[in-house]
Amino acid sequence: MAQRLAMSAERSEDLTQPQQEYSGSEILLRCLIEEGVEVIFGYPGGAVLPIYDSLYHGAVKHLLARHEQGAIHAAEGYARATGKPGVVIATSGPGATNLVTGIANAQMDSIPLVCITGNVNQDLIGTDAFQEADITGITMPITKHSYLVTDVRELPRVVKEAFHIASTGRPGPVLVDIPKDVSNGKTGYHYPEQVHIRGYQPKTDPHPLQITRLHQALAEAKKPLILAGGGVVTSGGEHELIAFAETARVPVTTTLMGLGGFPGQHPLWLGMPGMHGTYAANHALLECDLLIGIGARFDDRVTMGRLDKFATGAKIVHIDIDPAEIGKNVDTYIPIVGDVKKSLSAALEGLPRSRSEAWVKRVQGWYREKPNRYRDSDQVLKPQWVIRHLHESTGGDAIVTTDVGQHQMWVAQYFPFAKPRSFITSGGLGTMGFGFPAAIGAQLAHPEATVISVTGDGGFQMTSQELAVIALGNIPVKVAVLNNRCLGMVRQWQEVFYKKRYSEVDLADSPDFVKLAEAYHVKAWRAESKEEAARAWKEALSAPGPAVVDFRIHPEENVYPMVAPGKGLDEMIMGEEES
Ligand SMILES: Cc1ncc(C[n+]2csc(CCOP(=O)(O)OP(=O)(O)O)c2C)c(N)n1
């Protein structure tokens with residue numbers, strides 16, 4: 001390893017000693033400690049130099065990413081694995097704009113983040129000063145809230161509010177932009193105990209009348225179905241969901257964001273619905289007479305945007321903490337605004353059993369008879385086999401993160417997640433480059449867990465520079481690259497919808513991932529057959545530190561089933577028949 005920088009400079013005042021006055025940056029750090037922040041992900045620069053000087057004490061662990069996008073996705077991974085807000089720091093201008101994708105990603109998936117950016121001195125704001133960017137303006141539509149701090153005395157209140165807003169109600173990213181004169185300014189310190197924000201009172205308790213209506217609808221239903229989304233995971237309502245489904249005898253389909261929110265091997269589970277959903281889930285959606293959406297937002301990857309072919313014979317119940325979600329995409333018969341866990345526990349009292357026995361048998365039959373299938377091979381390595389192997393080799397006891405593309409769908413289809421927060425993926429925005437840094441955040445949150453980053457050869461190359469971080473910190477993330485030498489999901493669409501006119505999807509000239517990992521001092525293996533794959537994966541798993549396995553999968557494998565855009569759920573392309 002290269003010689004490390006000599007760290008011999010004098011340390012400024014000790015944060016643990018009481019003082020009359022503190023600088024803005026010291027105040028910020030004290031606030032973060034009060035919030036119980038364990039780790040900050042970030043990247044320094046001129047406008048955040050005062051903050052980085054305060055971090056020099058090491059009072060809060062800081063992880064130096066290699067790109068701000070890596071830092072924010074790691075913070076998201078931490079937040080998704082724990083439910084606590086992830087914290088990221090970036091400098092003004094390019095540092096701040098490099099956070100934009102991660103902020104949008106967190107907003108779409110309702111992930112709590114506190115994003116701290118530096119800005120130029122206030123007298124320079126608006127002058128096109130060096131590294132100036134109006135980051136509050138740029139991120140306005142993709143944050144839950146944002147602050148430009150104009151007075152150092154405001155900092156504690158702002159930080160307190162930022163954590164509160166990020167983590168309550170429907171969680172989301174909050175931006176705190178701190179000009180350099182504010183982080184350098186001095187004042188006394190007092191951290192408020194409570195927040196008072198006029199106009200922000202998230203409603204968490206469901207209306208009892210609507211719960212009664214839900215009971216009535218259930219008592220009448222013959223073909224009820226639950227569509228469970230990420231809100232189940234966010235609220236921690238998984239046990240209530242199981243109790244609800246079992247008591248009322250309602251089958252469950254979980255969206256991509258909801259995977260793990262209901263056990264993947266439960267007899268009432270029908271798999272994932274939508275574009276790459278199971279036959280059972282999609283046909284249940286077509287035929288149900290009561291659809292209970294729970295913390296799910298009826299995304300177009302589920303409805304296909306074809307509401308004329310989506311649950312047309314069903315009364316729709318929608319449970320969501322965000323009233324703006326109700327009626328946004330589908331007409332709602334019974335709206336229930338509230339926290340999912342609280343709403344389900346309220347509904348459990350006096351919950352009737354539905355008249356669904358014949359229906360349950362029927363949909364279970366569909367799930368058994370038409371599972372996700374692929375044609376296995378001993379000649380080439382199949383991605384579905386690899387994912388099943390990852391599941392078997394860990395007994396399912398792992399946190400798996402993905403990027404976006406075919407590999408993401410294969411994980412969703414072939415890794416039955418048993419627990420919430422064990423599947424971490426970019427659902428709403430669909431961000432390539434997300435999964436690997438997210439795995440770093442998840443691993444820091446759960447040092448003892450097996451954390452696997454399943455990624456594509458395209459997505460991995462978007463943030464592979466973070467290999468330096470896992471090497472340096474000896475963070476034991478295991479990276480499984482499903483390497484098909486192309487941008488697989490785009491190639492699949494070009495095959496199916498553009499007559500195999502493969503335009504700009506060839507990645508055959510990618511670097512050798514084994515050598516790339518080794519250049520970062522990370523152990524790596526390549527596997528071209530099942531035998532090699534099993535051996536390489538075993539060695540990677542048992543290696544004490546980080547590891548990369550380059551699985552050379554068949555380049556023209558497709559994800560099935562598939563519903564083409566613009567088609568209804570009744571028009572599924574089932575794909576290959578053998579399993
Ligand atoms: C940042 C970003 N750019 C472009 C896309 C569009 N896109 C979706 S899937 C995909 C291909 C992904 O290829 P790869 O990472 O190799 O994964 P695979 O589909 O082969 O598993 C692309 C380009 C995206 N989702 N995100």
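Student: What makes up residues 211-346, in helix and strand, and how far apart are the end C-alpha atoms?
Tutor: This is a predicted model. In it, residues 211-346 are 35% helix and 17% strand, and the end C-alpha atoms are 7 Å apart. UniProt, in an unreviewed entry, gives this range as "domain: Thiamine pyrophosphate enzyme central". Such an annotation may be inferred rather than shown by experiment.

Student: Which other range has a domain annotation of the N-terminal TPP-binding kind?
Tutor: Residues 24-136, which the unreviewed UniProt entry labels "domain: Thiamine pyrophosphate enzyme N-terminal TPP-binding". Over that range the chain is 43% helix and 18% strand, with 19 Å between the end C-alpha atoms.

Student: Why is Ser 343 called buried?
Tutor: Buried means under 20% relative accessible area. Ser 343 has 0% relative accessibility, so Ser 343 counts as buried. The residue is found in helix H14, residues 340-348.

Student: Which residues is Ser 343 in contact with, leaving aside neighbours within four places in sequence?
Tutor: Pro 206, Ile 211, Ile 319, Ile 336 and Gly 338. Contact here requires heavy atoms within 4.5 Å.

Student: Why does Lys 223 count as partly exposed?
Tutor: The partly exposed class lies between the buried limit of 20% and the exposed limit of 50%. Lys 223 has 27% relative accessibility, and therefore counts as partly exposed. Lys 223 lies in the loop between helix H9 (208-220) and strand E9 (224-228).

Student: What does Lys 223 touch, not counting residues up to four places away in sequence?
Tutor: Glu 287, Cys 288, Asp 289, Leu 290 and Trp 359. As for C-alpha atoms, those of Lys 223 and Ala 314 are separated by 8.8 Å, with the two residues 91 apart along the chain.

Student: How do you know that the radius of gyration of the protein chain agrees with a compact globule?
Tutor: For 579 residues, a compact globule would have a radius of gyration near 25 Å. The protein chain has 25 Å, so the value agrees. The C-alpha atoms fill a box of roughly 75 × 60 × 40 Å along the principal axes.

Student: How much of the protein chain counts as buried?
Tutor: Of its 579 residues, 57%. The accessible surface comes to about 23,600 Å², and 50% of this belongs to carbon and sulfur atoms.

Student: What share of contacts between residues at least 6 apart in sequence joins residues at least 24 apart?
Tutor: In the protein chain, 76%.

Note on methods:
Residues are numbered from 1 along each chain as its sequence is written. This is a predicted model: local features need pLDDT of at least 70, side-chain atom pairs count only at pLDDT 80 or more; totals for chains, interfaces and linings use all residues. Side-chain values use heavy atoms; hydrogens and water are left out. Helices (H or I, at least four residues) and strands (E, at least two) are DSSP runs, numbered from the N terminus. Buried means under 20% relative accessible area, exposed over 50%, partly exposed in between (1.4 Å probe, protein chains only). The radius of gyration is taken over C-alpha atoms; the globule rule is 2.2 Å times the number of residues to the power 0.38. Accessible areas come from the Shrake-Rupley method with a 1.4 Å probe; for residues, only the protein chains shown count as cover.
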